[in-house]
Amino acid sequence: MRRIAITNQKGGSGKTTTAVNLAAALGEKKRRVLIIDLDPQCSATSWLGLKNPDKGVFRAFTENGNVLDIISQTNVPNVEIIPASPWLVGVEKALAREVGAETILRRQLHKIPHERWDYLLIDCPPALGILTINALAAASEVLVPVEAHVMALEGLAQLLQTVDVVKERLNPELKICGILACRVDRRTRHAQEVVEHLQGRFGDLVYKTVIRENVRLAECPSFGKPIMLYDPRSYGAQDYRALAAEVIRQERGR
């Protein structure tokens with residue numbers, strides 16, 4: 001099972017959009033996917049049709065709950081989720097005196113049968129706090145969505161430094177599996193320049209797939225469906241299918 005944390009501390013970078021739609025695209029290709037929603041805004045949870053998830057993953061952090069007990073089915077084929085809840089807002093305070101708080105999620109994941117899923121995708125909150133550190137300590141790979149805007153590049157350097165620190169202190173196997181350019185408006189030179197800058201600086205770490213700005217992609221959360229179900233012929237669906245294929249191809253060299 002590949003364990004991929006999808007993270008960027010900057011809001012609006014496309015983390016949840018990528019977590020939900022990449023999961024759906026992988027599911028469409030008959031891969032089994034488990035999403036963990038660590039964002040107190042619960043966007044992935046509600047997007048995938050879960051209402052009132054009780055305390056969700058908060059139980060695993062503060063009540064020693066078993067993650068197997070909080071896995072839920074979604075409305076998307078081959079995709080399951082460990083839901084978030086607004087209770088996660090208080091997790092920093094709840095874990096302030098907890099020894100080993102940074103590795104709670106990793107210890108929880110030892111309880112799940114890894115052969116049950118092909119992919120674990122962790123949707124991180126837009127902050128480099130205890131939840132994101134838990135995700136990086138539990139994952140083996142990091143996928144970084146980056147908005148195609150020059151301001152988004154500044155936060156990328158900070159995130160990569162955090163990944164290096166977590167790798168050194170908590171998780172030696174952690175690595176970047178890819179940087180994904182999102183919200184790319186092909187009509188503007190600025191967006192193209194940002195993509196070119198990413199490719200020039202990070203080379204093969206940047207996915208060849210880019211996620212184009214797409215109205216249908218922006219609409220689909222309101223309907224509780226990933227883009228593959230909401231509008232399977234849209235640019236958004238095409239792009240996330242291409243990303244899923246690229247993610248799968250990465251496994252050939254393993």
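Modeller: The largest share of the lining of the largest pocket, 3 residues, comes from H1. Helices (H or I, at least four residues) and strands (E, at least two) are DSSP runs, numbered from the N terminus. This is a predicted model, in which local features need pLDDT of at least 70, side-chain atom pairs count only at pLDDT 80 or more, and totals for chains, interfaces and linings use all residues. Residues are numbered from 1 along each chain as its sequence is written, and side-chain values use heavy atoms, with hydrogens and water left out.

Colleague: What makes a region a pocket, and how much space lies in the largest pocket?

Modeller: On a 1 Å grid over the protein atoms alone, a pocket is an open set of points with protein on both sides within 12 Å along at least five of seven lines, and lining residues have an atom within 4 Å of a point. The largest pocket holds about 460 Å³ of space, a volume being the space filled by probe spheres set on the points, which are joined across faces, edges and corners. Its lining has 22 residues, of which Gly12, Gly14, Lys15, Thr17 and Arg183 are the closest to the centre. Two or more lining residues come from each of helix H1 (15-28), helix H2 (43-47) and helix H9 (215-219).

Colleague: How is the lining of the largest pocket divided by class?

Modeller: It has 8 nonpolar, 9 polar and 5 charged residues. Ala, Val, Leu, Ile, Met, Phe, Trp, Tyr, Cys and Pro count as nonpolar, Asp, Glu, Lys and Arg as charged, and the others, Gly among them, as polar. In the second largest pocket, with about 170 Å³ of space, the lining divides into 5 nonpolar, 3 polar and 4 charged residues.

Colleague: Why is arginine 183 called partly exposed?

Modeller: Buried means under 20% relative accessible area, exposed over 50%, and partly exposed in between (1.4 Å probe, protein chains only). Arginine 183 has 39% relative accessibility, and therefore counts as partly exposed. This residue is found in the loop between E7 and H8, and its phi is near 55°, a positive value in a residue other than glycine.

Colleague: Why is serine 140 called buried?

Modeller: Serine 140 has a relative accessible area of 10%, and is therefore buried. Serine 140 lies in the loop between H6 and E6. Leaving aside neighbours within four places in sequence, serine 140 is in contact (heavy atoms within 4.5 Å) with Arg3, Glu173, Leu174 and Lys175.

Colleague: How do you know that E6 and E7 pair?

Modeller: Two strands pair if DSSP finds at least two bridges between them. E6 and E7 have 7 bridges, in the parallel sense. Leucine 143 stands opposite glycine 178 in E7, a strand with 7 of its 8 residues buried.

Colleague: How does the span of H7 stand against the expected value?

Modeller: The expected span of a helix is 1.5 Å times one less than its number of residues. Helix H7 (residues 150-169) has 20 residues and reaches 31 Å from first to last C-alpha, close to the expected 28 Å. Its buried residues include Ala152, Leu156 and Val163, and among the elements covering the buried residues of H7 are helix H6 (130-138) and strand E6 (141-147).

Notes
1 Å grid on protein atoms, 1.4 Å probe; cavity = no way out; pocket = protein on both sides within 12 Å on 5 of 7 lines; lining within 4 Å.
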